[in-house]
Amino acid sequence: STVWGLAWVVPVPAKPQTVERCKDEVFDVLERQTGPRFVRFGGNGWTGLICGCAGASYMGDTMAPAVVVEQQGTAGIFEYVVLSATDPRELTDWLDEHKYHIPVRAERIFKRYVSEGWHWLAMRVRPEVRDQPTLAPHPIRYAYRDTKLVYPLEISQLSADLENEIVLYVVGAGRYACGNWANH
């Protein structure tokens with residue numbers, strides 16, 4: 001039995017165009033750019049807070065596979081595959097077969113993303129680097145084209161505690177607000 005260590009699966013609304021290693025410093029920069037700052041207005045006190053801001057589908061005379069590997073490669077210490085899927089059960093089976101060790105309840109979560117035609121970015125530590133004495137995971141940056149900005153929060157249920165903190169940075173030309181969550 002092979003132990004793969006750190007791995008994760010991310011639903012993506014469109015096929016990623018790039019998947020690459022990102023430097024850890026990106027989070028320091030984002031925190032400096034977007035973290036709350038106290039601003040003193042006149043007087044002796046702080047008076048303001050400013051935030052910066054079924055297995056296969058029929059296609060003609062042939063059956064299309066339910067899970068297709070569309071791209072694969074490496075990004076730093078990680079290897080990745082980009083998948084498309086038409087059946088959540090087949091996606092779960094493919095990931096299990098390729099040793100991603102998907103939780104039992106994953107198929108229920110996968111169903112929504114599969115029905116909406118999302119792609120899947122599956123990543124894990126490359127076998128040839130996982131035995132290094134000091135192995136520090138680094139951020140991964142991936143880019144895709146879509147008409148809306150999304151964060152696939154629902155899939156986080158598979159590895160989350162009852163309460164979790166999520167820090168989501170959105171870097172863009174203007175201010176973005178969440179369509180289904182209170183904005184401050």
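Me: At what angle do helix α2 and helix α3 pack, and how far apart are their axes?

Reply: Keep in mind that this is a predicted model. Helix α2 (residues 88-97) and helix α3 (residues 106-115) pack at about 120 degrees. Their axes are 8 Å apart.

Me: Why are α2 and α3 called oblique to each other?

Reply: The angle is about 120 degrees. Roughly perpendicular covers 65 to 115, and roughly antiparallel needs over 145. The pair α2 and α3 is therefore oblique.

Me: What is the hand of the crossing of α2 and α3?

Reply: α2 passes α3 in a right-handed crossing.

Me: Which residues make the contact of α2 with α3?

Reply: From α2 come Pro88, Arg89, Leu91, Thr92 and Leu95. They meet Glu107, Phe110, Lys111 and Val114 in α3. By class, this contact has 5 nonpolar, 1 polar and 3 charged residues.

Me: What makes Lys99 partly exposed?

Reply: Lys99 is found in the loop between α2 and α3. Its relative accessible area is 33%. Buried needs under 20% and exposed needs over 50%. Lys99 is therefore partly exposed.

Me: Why is His101 called exposed?

Reply: His101 lies in the loop between α2 and α3. Its relative accessible area is 58%. The cut-off for exposed is over 50%, so His101 is exposed.

Me: How do you know whether Asp87 is buried or exposed?

Reply: Asp87 lies in the loop between β8 (78-85) and α2. Its relative accessibility is 8%. Buried means under 20%, so Asp87 counts as buried.

Me: How far apart are the C-alpha atoms of Asp87 and Lys111?

Reply: They are separated by 7.5 Å. Along the chain, Asp87 and Lys111 are 24 residues apart. Lys111 is one of the α3 residues in the contact with α2.

Me: What makes His119 buried?

Reply: His119 lies in strand β9 (residues 119-125). Its relative accessible area is 14%. That is under the 20% cut-off, so His119 is buried.

Me: Which residues is His119 in contact with, leaving aside its neighbours within four places in sequence?

Reply: Among them are Val10, Pro11, Val12, Ala14, Lys15 and Pro16. Val82, Leu83 and Ser84 are in contact with His119 too, as is Glu70.

Me: Why is Glu116 called partly exposed?

Reply: Glu116 is found in the loop between α3 and β9. Its relative accessibility is 46%. Exposed needs over 50% and buried needs under 20%, so Glu116 counts as partly exposed.

Me: How far is Glu116 from Thr86 in space?

Reply: They are 9.5 Å apart, C-alpha to C-alpha. In sequence, Glu116 and Thr86 are 30 residues apart.

Me: How many helices and strands does the protein chain have?

Reply: The protein chain has 3 helices and 10 strands. The pattern along the sequence is β-β-α-β-β-β-β-β-β-α-α-β-β.

Terms used. Residues are numbered from 1 along each chain as its sequence is written. This is a predicted model: local features need pLDDT of at least 70, side-chain atom pairs count only at pLDDT 80 or more; totals for chains, interfaces and linings use all residues. Side-chain values use heavy atoms; hydrogens and water are left out. Axes are lines fitted to C-alpha atoms, for helices over the stretch in contact, and angles run from 0 to 180 degrees between N-to-C directions. Helices (H or I, at least four residues) and strands (E, at least two) are DSSP runs, numbered from the N terminus. Angles under 35 degrees count as roughly parallel, over 145 as roughly antiparallel, 65 to 115 as roughly perpendicular and the rest as oblique. A crossing is left-handed if the near helix is turned anticlockwise from the far one by less than a right angle, and right-handed if clockwise. Contact means heavy atoms within 4.5 Å. Ala, Val, Leu, Ile, Met, Phe, Trp, Tyr, Cys and Pro count as nonpolar, Asp, Glu, Lys and Arg as charged, and the others, Gly among them, as polar. Buried means under 20% relative accessible area, exposed over 50%, partly exposed in between (1.4 Å probe, protein chains only).
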